[in-house]
Amino acid sequence: MSLVSVLSGRSRSSWWAGPSTNGPQRRTVARWNTAMVALPTLIVLILGWHRRWISDDGLIFTRTVRQILAGHGPVFNVGERAESSTSTLWQWILVAGSWTTQMDVGRLAVYLGLLCTATGYALALHATRRLYTPAGTAPLLVPFGVLALLALPPVWDFATSGLETGLTTLWTAGCWWLLVRLPHDERTRTTYGLAFLTGLGPMVRPDLAIATLGFLTALAVIRRPRPLRALALFATAIATPLLYELFRMGYYGVLLPLPAVTKEASATDWSRGWGYVRDLTGPYHLWIPFVLLLGYVLARLGLRLFGSAAPPRLRGIDRAGWARITVYAVPVLCGIAMQLYVVRVGGDFMHGRMLLPGLFMLLLPILLVPVNRIALPAAAVLIGWALVCAIAFRVPYTGIGPRAIADERAFYISALKVANPVTAYSYIANYPRFPAAAQAARADYKHVVVYPWHDGFYVTPLNPNLPAPVATVWTNLGMNGANTPLNGVSVDVLGLAYPLAAHVELTTRGRPGHEKEIDIAWVFAQYADPDAVLPPGIDPIRVKAARYALTCGDQNRGKLKELQDSVHEPMSWSRFKKNFTGSFSRTSFRFPSNPVDAAKEICGVDVQQEGTLPKDKPDR
């Protein structure tokens, strides 16, 4: 018996498990296995449709899409180049879909997300079926790992949401489908197709670079290409993301999407990350399916290792053997690495969302398994747990939990009093406190800054040098961006779409994605009329310090001014080159959120208590 047999659970005579069958029996088994692909797909489609919604973060995509369709380019606000979309590919898919169908962008994001999710499940299940049922064999398959996914309410919620989760599922499934075919399909289109699709990973989500590396490694192990062909495959994989990265560096002036900058994607917070894992595993008692799934894998290995008189051969694995091992191992290793990355950066503020892609990846080889004396009882227990989980298990909090993690859909459904909010209007018309501010932004107020305050809002004259008709400040960026006119400014104090806020120093860890709320003085320094009376609670000394810090400095000290120039100066070849060459240092640049400290650090000016500043610097 070979090591390949041990790892795959197959005999030497037939690597693919299951008996050969003919005639009616084979057709019956084939129909059953087809049902095992179709039924979970139908379930996720129905549950996703029942829970369809668009999240506030999903609405962030819609504003950028509308800006592109309006001819303003891939920006969140006109005149400020900021890449607010984490998923580049999802953004442009929505652009193409909206331009083609003329459908409301929010509604389109919901429907396309669900289509991607359902197609991804179908493709992944079909690939796993193929893994166990190649030509000439027909083992009966039962649902296994897929049960652990279908039972989780976060899977239902993020089947839509307007975010790129559905696209992530489809991309993962497409790579898996091609990987399973690779050992038996020598066609060039399969090889280069996998290389190209794998390379798109970072454009689906930057953190999918982990999976991209894994799938490319699998391609190299299975195909073992000669140097020239390896170079061609590598070029096929990196060409599109590399070209876009060069564009990003020159156009936006940074190396990463702005959300990755503001969330400090390279930072480490293991403790909060493990809390994020417990927030998913605890309420649904995920230890039950984990024990069953792991027990099944170990039991199959144990039977092959110790249940045969012939010991496994640990040496002499041929090329086909390594290919088979690779097909099984790569998604598992990628899934583990993806989960560890999420834990390392501290998780997310949405319940379960960031763990779902890694969990889906991890379970790919055992979404379905052949019927045997171990799989059948394990699957029966899994079905029992899945039914109880789907019906009874829920998070033990309403809205935002004790770890500052939100059951995002439940929070907004409760706030909006709308069962299926799939458009921006559901938010604008129903979110508490927002309608008044929304009316202020769209009614008779022109050339003002609309700033929320307790149960109302303040209106402050806008800087007359700015062309925008209005600037609005609201922490819920998606709904604020959906409401603010495209030629207006939707100010994001959390930094997802506001370069200034994205580059402030992270001083304390808190709720993921909400840790860098910039001092509001910067907003009034940049957008308010210098002679305007400031709303209560806005420190005029800080506003003056911020206004000075935005314009001071020479080539050595004026990093903040240079950051502003990189996103505000009209795009030209000269500006593109400056952005490109400065993108490395600009990505890592940080400054204090306190304007007084920033003026001292950047400008070398110590603002005294009376707020004196040099008089030779103009207001911006």
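This is a predicted model: local features need pLDDT of at least 70, side-chain atom pairs count only at pLDDT 80 or more; totals for chains, interfaces and linings use all residues.
Q: How are two packed helices described?
A: Two packed helices are described by the angle between their axes and by the distance between those axes. Here, helix H3 (residues 56-69) packs with helix H4 (residues 88-101). The angle is about 55 degrees, and the axes lie 9 Å apart. That makes H3 oblique to H4.

Q: Which hand does the crossing of H3 and H4 have, right or left?
A: The H3 and H4 crossing is right-handed.

Q: Which residues of H3 and H4 meet?
A: H3 brings Phe-61, Thr-64, Val-65, Ile-68 and Leu-69. H4 brings Trp-90, Gln-91, Trp-92, Leu-94, Val-95, Ser-98 and Trp-99. The residues of this contact comprise nine nonpolar, three polar and no charged.

Q: What is a disulfide, and how many are counted here?
A: A disulfide is a covalent bond between the sulfur atoms of two cysteines. The count here is one disulfide. Cys-552 is joined to Cys-603, with S to S at 1.7 Å. The link of Cys-552 and Cys-603 is left-handed, with -75 degrees about the S-S bond.

Q: Where in the chain do Cys-552 and Cys-603 sit?
A: The pair links distant parts of the chain, 51 residues apart. Cys-552 sits in the loop between helix H25 (540-549) and helix H26 (559-568), and Cys-603 in helix H28 (residues 595-603).

Q: Is each of these cysteines buried or exposed?
A: Buried means under 20% relative accessible area. Cys-552 has 1%, so Cys-552 is buried. Cys-603 has 14%, so Cys-603 is buried.

Terms used: Residues are numbered from 1 along each chain as its sequence is written. Side-chain values use heavy atoms; hydrogens and water are left out. Axes are lines fitted to C-alpha atoms, for helices over the stretch in contact, and angles run from 0 to 180 degrees between N-to-C directions. Helices (H or I, at least four residues) and strands (E, at least two) are DSSP runs, numbered from the N terminus. Angles under 35 degrees count as roughly parallel, over 145 as roughly antiparallel, 65 to 115 as roughly perpendicular and the rest as oblique. A crossing is left-handed if the near helix is turned anticlockwise from the far one by less than a right angle, and right-handed if clockwise. Contact means heavy atoms within 4.5 Å. Ala, Val, Leu, Ile, Met, Phe, Trp, Tyr, Cys and Pro count as nonpolar, Asp, Glu, Lys and Arg as charged, and the others, Gly among them, as polar. A disulfide is a pair of cysteine sulfur atoms within 2.5 Å. Buried means under 20% relative accessible area, exposed over 50%, partly exposed in between (1.4 Å probe, protein chains only).
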